[in-house]
Amino acid sequence: MGVRGLHGFVASSCPHVCTVVNFKELAERHRSQHPGGTPTIVVDAMCCLRYWYTPESWVCGGQWREYYSSLREFVRTFTAVGIKLIFFFDGMVEQSKRDEWVKRRLKNNREIAKIFHYIKSRREQPGRNMFFIPSGLAIFTRFALKALGQETLCSLQEADYEVASYGFQNNCLGILGEDTDYLIYDTCPYFSISELSLDSLDTVMLCREKLCQSLGLHLADLPLLACLLGNDVIPEGMFESFRYKCLTSYASVRESCDRKGNVILAVAEHISKVLRLHQGEKKLEEMLPLGPNKALFYKGVASYLLPGQKSPWFIQKPEDVVTLDKQVLSMSSDPESKQEFPVCMDSESKQKLPVGTDPEFNLEAPMCTNTEVKQEDPVNVGPEAKHQVTVVLDPEILKVARAQHVQAESYLVYSVMSSGEVECSNSLEDATDQALPSQAFVYRPVRQRVYSLLLGGGGGGSSTGPAVKEWFVYSGNPLRQPDLVRPLQMNIPGGTPSLRQLWLSQEPGIQAQRLDTLLACFDLSSSREELQAVERPFQALCCLLVYLFVQVDTLCLEDLHAFIAQALCLQGKPTMELADLQEVDSMSLTSGEDINHLLVTMAEYAL
């Protein structure tokens with residue numbers, strides 16, 4: 001994440017940029033300077049997941065109580081010294097960063113393949129050096145922090161911008177994360193989560209002013225440097241030849257630096273000694289080889305400007321705009337300019353789906369879309385179709401969905417309603433195991449029914465609602481384009497309720513209607529009475545298990561026993577007891593008898 005090569009450069013060539021600080025002392029100083037104010041740290045939660053999740057047995061995940069205890073201790077430690085924490089989570093992937101998102105997902109696929117190869121070849125748990133964040137951890141963490149009474153927010157754009165903006169606008173003590181973009185933003189101090197000692201509350205502060213001194217730059221030059229080096233907006237290869245030219249003309253090559261370090265120094269010198277001579281007189285495209293990438297480069301630089309900030313490298317007036325792929329980008333730092341505008345788009349795509357998934361597709365973009373979709377369907381259920389779609393949403397309901405999204409109270413809902421586009425990152429799935437389908441396909445029918453509910457699919461029969469663009473990671477998906485997934489009509493006794501009814505109604509019986517809608521999403525309306533007979537805490541579990549075993553015919557009775565045992569046997573056990581449980585080497589379980597023995601052991605422990 002962040003600026004290419006900057007983290008290594010700071011660590012190896014500019015160690016004085018990093019200073020050990022103590023949060024308790026910083027908080028006391030902040031209170032003396034701002035009487036009546038509460039020292040507040042903005043936490044980039046996505047950067048902290050690895051720090052929080054510490055169990056050695058991480059492949060199967062599941063150590064929920066241990067993880068929750070870790071979060072509780074983290075919050076308690078900061079609260080004890082009077083520091084307030086504000087947690088931000090990623091909520092959207094901006095279109096300008098989609099290519100980078102795809103690149104990382106494909107890299108993750110390779111890492112996951114190595115994990116499964118290790119397990120199969122050695123039949124043991126991989127070490128922490130191969131650690132991969134358990135599936136769904138970020139989503140669960142949001143709700144865990146909210147349960148701990150913490151202010152937890154979900155971004156409407158790239159989270160690092162909202163984190164930096166919040167810290168800047170609210171005079172915060174600092175930002176806690178692990179992303180070199182925070183060295184580029186002109187915002188409050190940036191602290192490293194990886195260097196944090198929770199016992200002492202010591203960590204490392206990375207000082208952007210000292211970085212500028214080392215590079216001979218001003219703070220306002222850092223966004224330009226970041227884009228020339230490459231970041232999440234500007235591909236690293238875009239200015240490779242330019243950086244090479246800077247390096248060849250750089251007369252102060254340091255032997256103590258590697259090539260990447262000297263490239264950073266050379267580009268910084270070019271900015272300070274060449275470009276700055278014409279700053280305010282010439283446009284960037286007159287000084288740099290931007291070519292057809294002019295709009296993207298301007299957008300990259302502007303992405304670091306927080307509310308009220310301007311760049312001395314922009315000659316354009318604040319109201320001037322540039323066009324990027326028919327989307328509008330304001331050159332000012334007005335936060336509204338960071339939002340994607342609804343646009344008319346023309347596109348053509350060809351998509352194959354595995355057998356058993358809903359074959360009906362349509363491309364949808366908010367407000368105005370004119371699309372032709374060529375569909376090659378292996379199930380042979382329908383001819384090629386052309387669709388023209390206009391989506392009109394209830395403004396009040398969209399406002400409610402937005403508020404729930406920002407408050408981290410929902411997942412994917414606002415993305416579906418506002419842009420018709422969603423994504424799901426990697427899961428720990430073995431790409432070579434053909435017996436188990438990917439979770440992307442297992443839960444697709446549920447998502448399709450939810451799409452129908454959110455986008456107003458109408459009456460019975462097949463849905464004619466707009467399709468949703470899904471960027472879901474699964475084996476064999478190169479992620480060159482999204483899957484175009486059409487809503488699937490639900491069968492709800494009494495008809496499908498509107499979102500106004502489900503979200504805003506206070507009428508008697510609305511809870512029963514909500515339950516009917518939930519069961520319909522899983523196509524389990526016929527099992528309502530049986531599920532209601534189960535104790536309330538286990539109704540959701542049973543709902544999920546019934547759905548799962550209907551969808552995946554390779555699951556067996558022992559799998560069901562294992563799911564139920566995990567839910568029943570460990571309730572009420574203290575965290576320390578669970579942490580001290582003797583690990584069972586699941587790689588050595590070779591028969592049903594072994595698994596049954598394990599279940600008996602867990603049941604005995606529960607007693």
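Phenylalanine 563 counts as partly exposed, at 34% relative accessibility. I start there, in a model that is predicted. Phenylalanine 563 sits in helix H22, residues 557-569. Together with Ile564 and Leu568, Phe563 makes a nonpolar surface patch of about 230 Å².

Now to the sheets. One of them is an open sheet of seven strands, with mixed pairing, and the order is S1-S7-S6-S5-S2-S3-S4. Which strands stand at the edges? They are S1, residues 18-22, and S4, residues 151-154; each has a single partner strand, so one side of each is left without a neighbour in the sheet. From one strand to the next, the twist averages 30°.

Inside that sheet, take S2 and S5. Strand S2 covers residues 40-44, strand S5 covers residues 174-177, and the two pair in the parallel sense over three bridges. If you want a residue to look at, valine 43 has leucine 176 in S5 as its bridge partner.

Two helices lie across this part of the sheet. Helix H3, residues 45-52, lies across S2, S3 and S5, and runs at about 80° to S2. Helix H4, residues 64-80, also lies across S2, S3 and S5. The angle of H4 to S3 is about 140°.

Another open sheet has three strands in the order S12-S13-S14, again with mixed pairing. S12, residues 421-424, and S14, residues 483-485, are the edge strands, each pairing on one side only. The twist here averages 30° from one strand to the next. S13, residues 468-472, runs antiparallel to S14, and three bridges join them. Valine 468 has valine 485 in S14 as its bridge partner.

Helices lie across this sheet as well. Helix H5, residues 98-122, lies across S12 and S13, at about 25° to S12. Helix H17, residues 444-455, lies across S12, S13 and S14, at about 145° to S13.

Last, salt bridges. How many does a search of the whole structure find? The count is 19.

One is between glutamate 151 and lysine 84, at 3.7 Å from N to O. Glutamate 151 is in strand S4 and lysine 84 in strand S3, 67 residues apart, and the pair links distant parts of the chain. Glutamate 151 is partly exposed, with a relative accessible area of 31%. Lysine 84 is partly exposed too, at 38%.

Next, arginine 104 and aspartate 232, whose closest N and O atoms are 2.7 Å apart. Arginine 104 belongs to helix H5, while aspartate 232 is in the loop between helix H9 and helix H10, 128 residues apart. Is each of these two buried or partly exposed? Arginine 104 is partly exposed, with a relative accessible area of 23%. Aspartate 232 counts as buried, because its relative accessibility is 7% and buried means under 20%.

Arginine 500 is partly exposed at 38%, and glutamate 396 counts as partly exposed at 39%.

To finish, back to arginine 104. Salt bridges that share partners join Arg4, Glu100, Arg104 and Asp232 into one network.

Methods: Residues are numbered from 1 along each chain as its sequence is written. This is a predicted model: local features need pLDDT of at least 70, side-chain atom pairs count only at pLDDT 80 or more; totals for chains, interfaces and linings use all residues. Side-chain values use heavy atoms; hydrogens and water are left out. Two strands pair if DSSP finds at least two bridges between them. Helices (H or I, at least four residues) and strands (E, at least two) are DSSP runs, numbered from the N terminus. Axes are lines fitted to C-alpha atoms, for helices over the stretch in contact, and angles run from 0 to 180 degrees between N-to-C directions. Contact means heavy atoms within 4.5 Å. Patches are made of residues with over 30% relative accessible area and no salt bridge: like charges are joined within 9 Å, nonpolar side chains (Val, Leu, Ile, Met, Phe, Trp, Tyr) within 5 Å. Accessible areas come from the Shrake-Rupley method with a 1.4 Å probe; for residues, only the protein chains shown count as cover. A salt bridge is a side-chain nitrogen of Lys or Arg within 4 Å of a carboxyl oxygen of Asp or Glu. Buried means under 20% relative accessible area, exposed over 50%, partly exposed in between (1.4 Å probe, protein chains only).
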